[in-house]
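These are my notes from looking through one structure for the first time.

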Amino acid sequence: METKLTVVVDNISNEDLQGEWGLCIHAKCGENNVLIDTGASNLFAKNMEKLGLNIADVDYGAISHAHYDHSNGLQYFFDHNDKANFYLRESAAENCYHKKFIFHFYIGLPRHIIKRNPDRLKFVSGDYKLCEGVYLIPHKTPGLEAIGKREMMYVRTKKGWKPDDFSHEQSVVIDTDKGLVIINSCSHGGAVNIINEVKETFPDKHIYGLIGGFHLYNKSEEEVKTLAEGIISTGIDYVCTGHCTMNRAYHILKDILGDKLEQLQVGKIIKI
């Protein structure tokens, strides 16, 4: 399937388009228009207009995970598009926090967004076909709560605070002419884990690329190098990263991945 990806929001801006801490990607998948995340504000709408993309034309939406910097534009979207639903994991809720010392700071979905839009937010489980050639794939790697604990990310439950196991995170997988392309906005569950999860899900398909943030801004040089080697070992052809990867880690990855790696930035267009 011919696919065109347009980066609507990322940390890196360009001359005409403003950036912010967040991510939003528009995917033209055959005849369908899919919007992945809505960034940290209504900026996505301004950038879509400048890029010649119409909110009203979006057919499907997907939220990669239940954090504010990927979902704060949801209400604006619903107010300006009357047909497209947004799809989330069934465990997604307004309960994600970052812990600092003894304090917990809310970093989740916009407050009351679920109550306000019960008919537009669709909660799915397992492997889910969003539309022709586009799938939503959950984590299948055990023990991810150890990552949540390390990153000081917690969810609030009726039984108290628990390290986030990122069960609310999902990959958007597009079956393109070159193979499967994975979009996972922050890859909290680990980029290599995510590639292997998709391999397990589609054992007869070639995985062409991985696009998204890798949450490396707080990782050591050695950890970044280990990730780069792990990505190479998966055999994928193409990587495009930005957002929570940040510049220092990007350049370490570039030294190892070379021509396989490109930089995400607002306005970037990827045709596959």
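I began with the core, taking a nonpolar core to be a set of buried Ala, Val, Leu, Ile, Met, Phe, Trp, Tyr and Cys residues joined through side-chain atoms within 4.5 Å. Buried means under 20% relative accessible area, exposed over 50%, and partly exposed in between, with a 1.4 Å probe and protein chains only. The model is predicted, so local features need pLDDT of at least 70 and side-chain atom pairs count only at pLDDT 80 or more, while totals for chains, interfaces and linings use all residues. Residues are numbered from 1 along each chain as its sequence is written, and side-chain values use heavy atoms, with hydrogens and water left out.

**Core.** I found 26 residues in the largest nonpolar core, and those with the most contacts inside it are L5, V172, I174, I183 and I211. Strand β2 (residues 24–29) gives the most to this core, with 3 residues; helices (H or I, at least four residues) and strands (E, at least two) are DSSP runs, numbered from the N terminus. I then looked up I174, counting as contact any heavy atoms within 4.5 Å.

**Helix α1.** In helix α1 (residues 43–50) I noted L43, F44, A45, N47 and M48 as the buried residues. They pack against β1 (3–9), β2, β3 (32–36) and α2 (74–80). Just after α1, G52 takes a positive phi of about 80 degrees.

**Cysteines.** How many disulfides does a search of the whole structure find? It finds 0, where a disulfide is a pair of cysteine sulfur atoms within 2.5 Å. C96 is in none, and the nearest cysteine sulfur, that of C186, is 11 Å away. C96 counts as buried because its relative accessibility is 0%. For C131, the closest cysteine sulfur is in C29, at 6.0 Å, which is too far for a bond. C131 also counts as buried, at 6% relative accessibility.

I read about 350 Å³ of space in the largest pocket. On a 1 Å grid over the protein atoms alone, a pocket is an open set of points where a 1.4 Å probe fits, with protein on both sides within 12 Å along at least five of seven lines, and lining residues have an atom within 4 Å of a point. Of the 17 residues that line this pocket, I147, H188, G190, L216 and K219 are the closest to its centre. The elements giving two or more residues to the lining are α4 (145–150), α5 (191–201) and α6 (221–234).

**Positive phi.** S187 is not a glycine, yet it has a positive phi of about 50 degrees. I placed S187 in the loop between β14 (179–183) and α5, where it is buried, with a relative accessible area of 2%. M246, likewise not a glycine, has a positive phi of about 70 degrees. M246 lies in helix α7 (residues 246–257) and is partly exposed, with a relative accessible area of 38%.

**D177.** Is D177 buried or exposed? It is exposed, because its relative accessible area is 57%. D177 is found in the loop between β13 (170–176) and β14. Leaving aside neighbours within four places in sequence, D177 is in contact with M1 and E2.

Key: Points joined across faces, edges and corners; volume = space filled by probe spheres on them.
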